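Please read the following briefing alongside the sequence and the coordinates.

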Amino acid sequence: MVNCCGLLTAKKEPVPLTSIEVELQVKDHVATVISTLKYENKEDKPLEAVFVFPLPGDAAVCHFSAQVGQTHIVAEVKEKQKAREEYDDALSSGQQAFLLEESEQSPDIFSLSVGSLPPGESASIRLEYVTELAVQADDGLRFCLPAVLNPRYQPQGSEGVSVQVTSVPASLVPYSLSFSARVSAPRPVSKVESSSPLEPLQYLNTDQTQATVKLAAGHKFDRDVELLIYYKDAHQPTAVVEAGQASAKPGTLMGDPVVMVSLYPEFPQSVLSSPASCGEFVFLMDRSGSMGCPINNGNRQETRISSARDTLLLLLKSLPMGCYFNIYSFGSRFEHIFPTSVEYSEKTMEDALKKVEQMQADLGGTEILQPLKHIYSQPCIPKQPRQLFVFTDGEVGNTKEVIDLVRKNSGSHRCFSFGIGEGASSALINGMAKEGGGHAQFITGADRMQPKVMQSLRFALQPAVEDISVTWNLPKKVSATVLSPPITALFQGQRSLIYAQLSGKLSQSSEAAEGCVTVKYSLVGQPSHNQLHFSLTPAEDTGLTVHRLAARTLIRSLESEEGTHRQQQNKEVKEKVVELSVQSGVSSSFTAFIAVNKDSGESIQGPLLRRNVPTAMFCRALTQMRPMAYCSVPLSLGCSSSGPMMESLAFKGRMKRSAPRALPMDMASDSDFMLETNSMPAEHLAPKQPPRDPLLQLVSLQKASGCWLLDAALASALGKTSEEVEKSKPGPVNKEVWATILALIWLHAFKMDAKEEWELLATKAASWLRAQNATCGTDCVDAGNALLGCSVQKDALGL
């Protein structure tokens, strides 16, 4: 008889995970995250708890330990198959064991197995990782604690044994989360923001360089926990030298000092003020069923796909004349508006917009690989650099395949990626942008998609930086071995990170205790460089954070090589990764953390029950659901043909222990957590479309050349009648000139809060006006101000 007390699943089975406590320590732009997961077995039989959960895709997991009663067990990093065998052997012999492993398909998914927890026993698991914080458009540093793990779409025909993600609606997550953060930096902390409710920021010193903040109690698991940290004077290049580990062998990565250099390139204003007028812009839009979800919980009327349509409108209106473009959309299959990219004109723009207006989240699953292959198979257009914009909620199971494909084609394009909604795979979004030499953005919480996408378009319109090289000037007998992959892209105001191992004897004399790193590059044919002088004196109180981040960087680079060589070379690469992972104590796709409690006394008797711990799911589109879509199946063996709902992640090789517990996908009665479509309110099935935003109404009327026509639609968008607009026009002025000046005045007077969204199309309009050689610009601006009741200066319009 099951003891039905404590936390229960829908089948009245206890969930052994009771709480998660997360402590975040931020030093400048590096974060250390310490998570404590508390388990308790309230059943009358020993059990194994399996928890599949998300972590940031670029995290370096560097510590894993367990506290059982008075016994503290620290896990070791071992080759993955050896770790699994050791775990299985421990369970078979009645010992307690703990296993932490990374998914082989996506580095942002981990599986934590807590084995042979006796009846009434508690265990506390400590997990630690370090990661760099990404720079946002407004100079904030973004930290994201993934609390949402949506099921990942596994394309049909994918190989490999898969472990099922147990996902439930946020309201059914049966454990609690507490979160606190401590921020310290050389510069004052100006503010900390979050999409989740926070307690007030508390400063710890008078110069405000240290602060703490906590997540308000009662987190609902309806969103990832996101922090945006703002420093005063954010764009400061820095270098941190960290001493090697005393117990490690000199000459090894962990034994030598390591330097982490952060650079913020600054381009001449003349380059930034004249964006490129050429390029091939390819937009790849996710139209899988999950794109029909609300973009956030605060506005359930606006769906991800409706926001994407509005964003495509802004993008198409902002493209420069003379460029080429095409739009692809994908789900279980893919479509494209034109057979090949076409020249941007009034006709092609209007044809595309008609198709965009009809786009719905109706193409099934999330198979992004095939449309990417089709795009890359198209020949590049001479003198039109290809820029690829990818929009997806990131719920794919073949992340590494997708990233590998982008990497193989990185020489022919730049890739800008956008993760839409809670639970988007950070490994996919960041990986595509990194390998494609572009920029990644995440749209979560109350974020609007449009300003972030338009910032990336501005990056895309910046001229490509070429011939990037890094040189070091160091004291005699000191050399630097760069551990980071070569820098392939530089953007104005965006950070570039370089990790290097410093070998040789560092002199203690003051003259020699300085180094210099220089990044040289070519911009519009002109040689440029950024330089940073730094002290070689090791920083205090960094622990081994920099070494672990450097090891993670090198591990990811080596992992990306594996599979691109012959069998013998791949074997050598794998051996290098395992050696580096074990030496540094940082996880990889070829290793796992294993801890066995060998002092637990008597072996644990009785059959071992398996319990899958659920993660929160933000939303799945109802068009994809079967009546009982959320199966909690431990393993799915050989059932990849069960249809497009096969949402799974590969943790290969767990056959010995887990195969007997495999269940077929169609056994819905054995599902732990069930979400029935007929229980959903009608308003969630077909959300009503909100009235069109006035800004988008005006933008939709702009012509490809940049001008507006003087007609009833424009008058309506400006809130005036056709007669009022016609009557106010200064006599000799061309109608299109008058209409375009009115549109620009309206944007500057009433939509300055959304300037990032319309700035590029306004620049195009101003260029069109200047090309008309209109002599009565001042009269038009005065008349327009009088009509619209505002006072915008002519200079502000760029005329």
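This is a predicted model: local features need pLDDT of at least 70, side-chain atom pairs count only at pLDDT 80 or more; totals for chains, interfaces and linings use all residues.

Residues are numbered from 1 along each chain as its sequence is written, and side-chain values use heavy atoms, with hydrogens and water left out.

**Whole chain**

- The protein chain has 18 helices and 39 strands, where helices (H or I, at least four residues) and strands (E, at least two) are DSSP runs numbered from the N terminus.
- Of the 799 residues in the protein chain, 57% are buried; buried means under 20% relative accessible area, exposed over 50%, and partly exposed in between, with a 1.4 Å probe and protein chains only.
- The accessible surface of the protein chain comes to about 32,000 Å², and 50% of this belongs to carbon and sulfur atoms (Shrake-Rupley method, 1.4 Å probe, with only the protein chains shown counting as cover for residues).
- Among contacts (heavy atoms within 4.5 Å) between residues at least 6 apart in sequence, 75% join residues at least 24 apart.

**Nonpolar cores**

- The largest nonpolar core has 80 residues, and those with the most contacts inside it are Phe281, Phe283, Leu316 and Phe391; such a core is a set of buried Ala, Val, Leu, Ile, Met, Phe, Trp, Tyr and Cys residues joined through side-chain atoms within 4.5 Å.
- Helix α16 (residues 735-750) supplies the largest share of this core, 10 residues.
- A second, separate core has 54 residues, including Val68, Leu112, Val114 and Phe143.
- Leaving aside neighbours within four places in sequence, Leu316 is in contact with residues including Phe283, Phe325, Ile327, Tyr344 and Lys764.

**Helix α8**

- Helix α8 (residues 449-461) has 13 residues and reaches 19 Å from its first C-alpha to its last, close to the 18 Å expected at 1.5 Å a residue, the expected span being 1.5 Å times one less than the number of residues.
- Because 12 of its 13 residues are buried, α8 is largely enclosed by the rest of the structure; among the buried residues are Met449, Lys452, Phe459 and Leu461.

**Aromatic rings**

- A search of the whole structure finds 11 aromatic pairs, counted when the ring centres of Phe, Tyr and Trp (its six-membered ring) lie within 6.5 Å, with planes under 30 degrees apart called stacked, over 60 edge-to-face and the rest tilted.
- Trp746 and Phe750 form a tilted pair, at 6.1 Å centre to centre and 50 degrees between the planes, and both lie in helix α16, four residues apart, about one turn of the helix.
- Within this pair, Trp746 is buried at 7% relative accessible area, whereas Phe750 is partly exposed at 41%.
- Phe283, Phe389, Phe391, Phe416 and Phe418 form one aromatic cluster.
- Lys191 lies over the face of Tyr230, at 4.6 Å from the ring centre; this requires NZ of Lys or CZ of Arg within 6 Å of the ring centre and within 35 degrees of the ring normal.

**Two buried residues**

- Ala433, in helix α7 (residues 426-435), is buried with a relative accessible area of 3%, and its C-alpha is separated by 5.4 Å from that of Phe416, 17 residues apart along the chain.
- Ser496, in strand β32 (residues 496-504), is buried at 9% relative accessible area, and its C-alpha lies 5.7 Å from that of Ser262, 234 residues apart in sequence.
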